[in-house]
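My entries follow in the order I made them.

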Amino acid sequence: MAGASSPASLRASRSGRHGKDTVRSDLFKSPTIPFVFALILSDAILVALIIAYVPYTKIDWDAYMSQVSGFLGGERDYGNLKGDTGPLVYPAGFLYVYSAVQSLTGGQVYPAQILFGVLYIVNLAIVLFIYVKTDVVPWWALSLLCLSKRIHSIFVLRLFNDCFAMTLLHASVALFLYRKWHLGMVVFSGAVSVKMNVLLYAPPLLLLLLKAMNIVGVVSALAGAALVQILVGLPFLITYPVSYITNAFDLGRVFIHFWSVNFKFVAERLFVSKEFAVCLLIVHLCLLAAFANYKWCKHEGGIIGFMRSRHFFLTLPSSLSFSDASASGIPTKEHIVTAMFVGNFIGIVCARSLHYQFYSWYFYSLPYLLWRTLFPTWLRLVLFVSIELCWNVYPSTPASSGLLMCLHLTTLMGLWFAPSDNPYQVKEDKNSQRHKKHISANLGLLKHVFSVRNVLKKKTLQAARDILVVPISTFFSLADPVSNS
């Protein structure tokens, strides 16, 4: 018949409807994706309301603009790039970023707030992407990432450079999840060039590079990161190199005790002492070594066993490959994020001073870290809310900073006693892969056979109906005297 559809088109139509129904069913069964989009939309509205109705607080913006103006005016001596809060203490990437911000906003606060609001949403989207890919935190707990009063303030009411640094850091982590180690290292180095706190992620990142690539790949990735630093600082390195290095990479700065959020309970005399800084550094290194040996490399038999298994520094690989893949195994997404977030958190616990904007250094990892522990859900929520409350006490007090330290140590203890999963994806040999392909091909053939059989069955039934049912109905209609009258 002219209006009838072919069996192929009918099957395609049914298949399309089935596909759409399957997608809707998956979304209904797992509401993570629609919930994520709802979070981004609702938080974007909240950010717009904050910008419109909450007064801006001037802290470092004028200093940033003064330092950028000096750079754009031709000054290349880092010691002469100053603002009302003091000399410039960030690497040169900071200058490029805020030069672009000044160009886009004219140095005005309100358009800069809008720009930082967009940055906030971009960063949130990247973080949610990381959480969805690792699937460690339940979907409803993702809302915790949008509930921080302090983080909203840091982004759209303070305009700190920490915002750009952490957005780039999270982007590099997202690249690492897809084994884009070389590109990820370039982005990571870009984050370091904006603010050096990103280096807290460096120890676990180096371990992950050694797990993910051969020694040639690791060296090339590190060289790419170093090249970024050289190119970013080149205008200063070729003019006043000593001034640039000593000011931009000053690791011995002593912060003001009044602004400390984590060690306000320590006497100021001890707080500013060199001995206190050295003790914290030793604790930091010991914790990193302990977690690396007993947690991150537990599957390989500790750090020594891992190094022996890879024959590092003893022999070169048979082929000088710069690939982002490793012959020994592919780290899982959960292992990558866990090592990165825990390594950074150890640095946070051992930091001599945490200022209010430093909360952005680890806030977005808190739900992930808490759900990596074996704590019950109610305790995880109590810890999260309590940490947030400590960061919203202004000015900080000995009690609030002491409580914050206890909360940090409790979380770290929970991470220590959490089970260590297999850090590598399960790799299949070639025979297993061929067997799977063979089974898949046979299943496809069987599906095709059953589809053809169903079509033939329907056609056979239709033909039988035409042969038997139509003549019989015709006979009875002729034999019926009422219909013949």
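I call a residue buried when its relative accessible area is under 20%, exposed when it is over 50%, and partly exposed in between. The model is a predicted one.

**Entry 1: overall.** I counted 20 helices and 2 strands in the chain. Of the 485 residues, 44% are buried. I then took the contacts with a separation of 6 or more, and 78% of them are between residues 24 or more positions apart.

**Entry 2: aromatic pairs.** The list came to 40 aromatic pairs. One of them is Y98 with F116, a tilted pair with 6.4 Å from centre to centre and 40° between the planes. This pair links distant parts of the chain, since Y98 is in helix 4 (residues 93-105) and F116 is in helix 5 (residues 109-134), 18 residues apart. Are these two residues buried or exposed? I found Y98 buried, and F116 as well.

I also followed ring pairs into a cluster, which is made up of F258, W259, F345, Y356, Y359, Y362, F363, Y364, F384, W391 and Y394. The ring of F258 has the charged end of K264 over it, 5.0 Å from the ring centre. A lysine is placed in this way at Y178 too, where the charged end of K333 sits over the ring at 5.2 Å from its centre.

**Entry 3: H355.** I looked for H355 and found it in the loop between helix 15 (333-349) and helix 16 (366-372). H355 is buried, with a relative accessible area of 13%. What does H355 touch, leaving aside its neighbours within four places in sequence? Its contacts are F255, I256, W259, V261 and W391.

**Entry 4: helix 2.** Helix 2 (residues 32-53) has 22 residues and spans 31 Å from first to last C-alpha, close to the expected 32 Å. Its buried residues are T32, V36, L39, I40, D43, V47, I50 and I51. Seen down the helix axis these fall within an arc of 95°, so they line one face of helix 2. In an α-helix there are 3.6 residues a turn, so residues three or four places apart point the same way. On the face turned away from the buried side I noted the exposed residues F37, L41 and Y53. The cover over the buried residues of helix 2 includes helix 5 and helix 6 (149-158).

**Entry 5: cysteines.** I found 0 disulfides in the structure. C286 is partly exposed, at 47% relative accessibility. C163, by contrast, counts as buried because its relative accessibility is 1%.

**Entry 6: backbone.** Most residues other than glycine have a negative phi, and most peptide bonds are trans. I noted departures from this. Y394 and P395 are joined by a cis peptide bond, with omega about -10°. P395 is in the loop between helix 17 (377-391) and helix 18 (398-417). D135 has a positive phi, near 55°, and lies in the loop between helix 5 and helix 6. It is exposed, at 62% relative accessibility. R179 also has a positive phi, near 60°, and is in the loop between helix 7 (162-177) and helix 8 (181-194). With a relative accessible area of 32%, R179 is partly exposed.

Methods: Residues are numbered from 1 along each chain as its sequence is written. This is a predicted model: local features need pLDDT of at least 70, side-chain atom pairs count only at pLDDT 80 or more; totals for chains, interfaces and linings use all residues. Side-chain values use heavy atoms; hydrogens and water are left out. Rings of Phe, Tyr and Trp (its six-membered ring) pair if their centres lie within 6.5 Å; planes under 30 degrees apart count as stacked, over 60 as edge-to-face and the rest as tilted. Helices (H or I, at least four residues) and strands (E, at least two) are DSSP runs, numbered from the N terminus. Buried means under 20% relative accessible area, exposed over 50%, partly exposed in between (1.4 Å probe, protein chains only). A charge sits over a ring if NZ of Lys or CZ of Arg is within 6 Å of the ring centre and within 35 degrees of the ring normal. The expected span of a helix is 1.5 Å times one less than its number of residues. The arc is that of the directions from the helix axis to the C-beta atoms. Contact means heavy atoms within 4.5 Å. A disulfide is a pair of cysteine sulfur atoms within 2.5 Å.
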